[in-house]
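Subject: Handover of a structure, with notes

Hello,

I am passing a structure on to you. Please look at it first and then read the notes below it.

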Amino acid sequence: MTRSAVKLPLVSVVMPSFNQAPFLEEALESVLSQDYPHVELIVRDGGSTDGSVGIIEKYSPRLAFWASQRDRGQCDAINQGFEQSTGEIMCWLNSDDLLEPGAISAVVEHFRMQPDSMVVTGSCLCVDEAGTLIHRDTKKPLDGGDSRDALRAAGSSEGAQNLVVWFRDWFPQSSTFWRRAIWERVGPLDEAWNYSMDYELWRRMSRHSRIDVIDRVLSRYRYHSDAKCIVSTWGPMREVLEINRRDMPALEFSEFAESAIRFLIDRIEDRERRVGQLDAELDAVRESKRYRLGSALLGPIAFLRRGLRR
């Protein structure tokens, strides 16, 4: 049966945005250029002043809805967008991230082949401000099967370890999609969380459904100097710990917290090593006999060093 011969589900993509003009158009194009024909894109801008509104207006004929007005933050913008959406399959894409070509078709096909599946995630590519690949964040099922039950298993004896694996092998929000039925059961996003609202939502979803993993890159997650999770390393970690303290039995939470703190220390030590390397490069540039060339490198190296110190 051809695609045109079956009823295709509508996919709702909500894009929250605030002063992300350098990345916004590419994000819009990544959704609107998908090969899947039945997508509604809703853009909720928080009152940007950097030219974002002009970009959104350019694309307005191709949007299901858009608005630019002050809101209470990212969660509020996403929740408003989903209130206006009508699709059977849902996701949100931040305006500095990108969907990979064919991502939506792959997700729809997964849900078609797995009618009992409610939530699915995939891999993502982590890129820098210019779109250059940093690394691939690959997602695989925990037990070699079709689903990952780490979140739902948190109350079992092995739940803490599964949750630690999940924490170290993050579900990329930009690559995660779900059916409206589970959103209506557990949504909306909780505005109490500034960084980890996605994690907290997955926890609620996992009480009612497994989270499936497909072996495919679905999105590109962008690292840049203004990204919330880059500006603050401790913020997301603190919220994840708070969520798990709320949800997990004391023993499992203690195990999880210990491993999570070790993970944070590893990240800090890695950043310190990288800062040390940049310090050495700065010293070499300062001492270079070709000081005219060397001085031109001081600014970029110092900028990288400041970013790592955050």
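This is a predicted model: local features need pLDDT of at least 70, side-chain atom pairs count only at pLDDT 80 or more; totals for chains, interfaces and linings use all residues.

Residues are numbered from 1 along each chain as its sequence is written, and side-chain values use heavy atoms, with hydrogens and water left out.

Helices and strands here are DSSP runs, numbered from the N terminus (helices: H or I, at least four residues; strands: E, at least two).

Helix H1 covers residues 21-32, twelve residues. From first C-alpha to last, H1 reaches 17 Å, close to the 16 Å expected at 1.5 Å a residue; the expected span is 1.5 Å times one less than the number of residues. The buried residues of H1 include Phe23, Leu24, Leu28 and Val31. Buried means under 20% relative accessible area, exposed over 50%, and partly exposed in between, with a 1.4 Å probe and protein chains only. The partners of these buried H1 residues are strands S1 (11-17), S2 (39-45), S5 (98-99) and S10 (211-222), and helix H2 (52-59).

Leaving aside residues up to four places away in sequence, Glu100 touches Gln34, Leu125, Val217, Leu218, Ser219 and Arg220, where contact means heavy atoms within 4.5 Å. In H4 itself, eight of the eleven residues are buried, among them Ile104, Val107, Val108, His110 and Phe111.

Ser123 belongs to strand S6 (residues 119-127). Its relative accessibility is 0%, so Ser123 is buried.

The last item is the pair H7 (residues 197-206) and H9 (residues 234-247), whose axes come within 9 Å and cross at roughly 25°. Axes are lines fitted to C-alpha atoms, for helices over the stretch in contact, and angles run from 0 to 180 degrees between N-to-C directions. H7 and H9 are therefore roughly parallel to each other; angles under 35 degrees count as roughly parallel, over 145 as roughly antiparallel, 65 to 115 as roughly perpendicular and the rest as oblique. Tyr199, Glu200 and Arg203 in H7 meet Val240, Ile243, Asn244, Arg246 and Asp247 in H9.

Regards
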